[in-house]
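Here is a brief report on one protein model. Look over the sequence and structure first, then read on.

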Amino acid sequence: MCGIFGYKGPNAKAGQIVLEGLKRLDYRGYDSWGVAVQCLDNIWLRKDIGKISDVDHIADMPDAHTAIAHTRWATTGGVTRANAHPHASTDGSFVLAQNGIVENFSELKQGLLTKGYTFVSETDTEVIVRLIEEELKLNTDFVSAIRHAFSKLTGRNTIIVLTKSGEIYAARNGSPLVVGVNTQTNEVYLSSDTLSFAPYADQMIVVDNGQMVKVDNTNTITMFTLATGEVFEYTLEAMTVKADKIDKEGYDHFMMKEIHETPYVLRQIVAQDAQSLQAFAHALQRAHRVYVIGSGTAGIASYQIAFYLRLYGKLDAVSLIGADVQSYYEIFQPDDIILAPSQSGETADVIEVLEHAKEKGVQIGSIINMPGSIMTRMSDYPFMCNAGPEICVMSTKVFTSQIAWGYLLAKTVQGKYEEGIQNLQTLSVIVQRYLDNQNNHKALKALANYLSKKEHIFLLGKYQNFAIMQEGMVKIIEASYKHAHAIPAGDLKHYAITLMEQGIPVIVAVSDDVVKNDVITAINEVRLRGAYVIAIAHKQEDYYDYYIPTEDAGETDAIGTIIPLQLTAYYLALKLGNNIDKPRNIAKSVTVK
Ligand code: G6P
């Protein structure tokens, strides 16, 4: 995944503006970057490998009113300066940056090579550039050339083009694209997300798949349908995102700041519109089956939400991983409902499922944190986390927010909405107390020091805690680059017991009375083989080697159990000297398959 940013307006520091915008998008990819500015009927281009967040200033960048920029997460072609975007046309008359993957790129490239085109990079992006060049020979205008070239691509792609005469064009088919407008200053922004221009724009246009934008030299926006080239009327929406400043507010890392925002995000869930929740709960009760579908951390949130919908809502709710739903396409029914939790609302694996499901008449609900996302727009029942921007690539507060919302939804289906609200309010106080108590941090730091010397870390959980331990595993892997493995406590004896030996660390959640005895049995099994048991529990026991005390939060206990695991992951990354807010190789938003 990559981030795209563009600016056109009266400010002569367009290059600096896109550089700042790009820094807000670097969660989308941070292996290389590029900035192109248009001035004096020419395009000045600078690209490099490395993180855009490390770049304060670009030497020799000329003043200009128009610029585009790109931050890359390499997919086709290695991390090199030549492969960084934007890519220039052979005659230098335009540059182009892309977010996506051209699936038929080898075939297209072969055709272009046969026609005598040459390539300076290994990317699929340059194929789009050459296709536009080819079209420009036939069509005089850029709109037609871009449309025709774009129609030859398969896969999910969004491109932005800057011409040397100063127009910006952008086309979307899959990856996100939003336009921000400052109606006071006549400035236009184009970006992969709304947060990146939130402090500057007062209105926005969410560009849909199959649409194209042109910003001309009077800063006028024209929208086209990609298929026909027809111009259509667009509507400006007011910017609701408040993100005047996105900073660490005194914390060393966004991850720590965002974990500390958990009590706030829980209160945001409590403040959700009750009527919309009731309406969705009724729809779920009428549904044949509820599929909860997400990827990565949102896939684990899906598991927990489906668990709550079964436990409290008594619904036929199953959870699936976005990338692995194909075998269900045939059995989706019009009276099924899909519920999609997603931080970004742009995850390609999940969007593909939603597109298939929509064709079958399946209704869609979603719980998303990023305003203006495609999933929100595809939803019949759209809900927002309202958790505020989550900048750390590792998701923490949004995961907690989504499972808390799932719990409240299940309680609403159960007819116990008020009880759900009260329980979440209590949880928010308990989590605040946990985070404020420095002894907890000291104990988790000590635990992280111990774990930093281990190669393998196991986690055990059952019932309401299994998905939580899985999410703890994800956080430990992302933060420490160590091998971690979460196992359903009851399944241990079937295979993973063979891995238990002297000194193996096993983190166990022992916080549920319904299944406590089963979990204690598992503890005994691993201790017998020499494992070192780290228990997240409400009471000290002599069969724990290390005790992490937590307060009992009743029905919402599992939601709070993620906090010590997130903090342990944070302290592990800190101890190991890893990049906490940007772990290696992963991107926050995965808009390609
Ligand atoms: C990426 C991120 C994960 C995230 C997943 C789904 O893999 O690294 O943290 O859970 O995408 O993203 P979504 O935006 O749908 O929640």
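## Ligand contacts

In this predicted model, the side chain of Ser 344 places an N or O atom 2.6 Å from an oxygen atom of the ligand. Thr 347 also contributes through its side chain: a polar atom there lies 2.5 Å from a ligand oxygen. Ala 587 uses its backbone instead, with a polar atom 2.8 Å from an oxygen atom of the ligand. On its own, the ligand has 380 Å² of accessible area, and the protein covers 89% of that.

## The shell around the ligand

Eight strands form an open sheet with antiparallel pairing, in the order 3-2-4-1-10-9-11-15. Strand 3 (42–49) and strand 15 (237–238) stand at the edges. Each has a single partner strand, so one side of each lacks a neighbour in the sheet. Strands of a sheet pair through backbone hydrogen bonds, either parallel or antiparallel.

Several pairings can be followed residue by residue. Strand 1 (residues 3–8) runs antiparallel to strand 10 (residues 187–191), with four bridges between them. Tyr 7 faces Tyr 189 of strand 10. Strand 9 (residues 178–182) and strand 11 (residues 203–206) are antiparallel and joined by four bridges. Here Val 178 has Val 206 in strand 11 as its bridge partner. Strand 11 also pairs with strand 15, antiparallel, through two bridges.

Is Lys 257 buried or exposed? Lys 257 has 7% relative accessibility, so this lysine counts as buried, the cut-off being under 20%. Lys 257 belongs to helix 5 (residues 254–260). Leaving aside residues up to four places away in sequence, Lys 257 touches Asp 247, Lys 248, Glu 249 and Tyr 251.

Val 519 sits in helix 15 (residues 516–528). Val 519 is buried too, with a relative accessible area of 2%. Beyond four places in sequence, Val 519 contacts Lys 462, Ala 489, Val 508, Ala 509 and Val 510. Val 508 is 11 residues away along the chain, and the two C-alpha atoms are separated by 8.0 Å.

Terms used:
Residues are numbered from 1 along each chain as its sequence is written. This is a predicted model: local features need pLDDT of at least 70, side-chain atom pairs count only at pLDDT 80 or more; totals for chains, interfaces and linings use all residues. Side-chain values use heavy atoms; hydrogens and water are left out. Buried means under 20% relative accessible area, exposed over 50%, partly exposed in between (1.4 Å probe, protein chains only). Contact means heavy atoms within 4.5 Å. Two strands pair if DSSP finds at least two bridges between them. A polar contact is a pair of N or O atoms within 3.5 Å; within protein, one must be able to donate a hydrogen and the other to accept it, and residues adjacent in sequence count only if both atoms are side-chain atoms. Accessible areas come from the Shrake-Rupley method with a 1.4 Å probe; for residues, only the protein chains shown count as cover.
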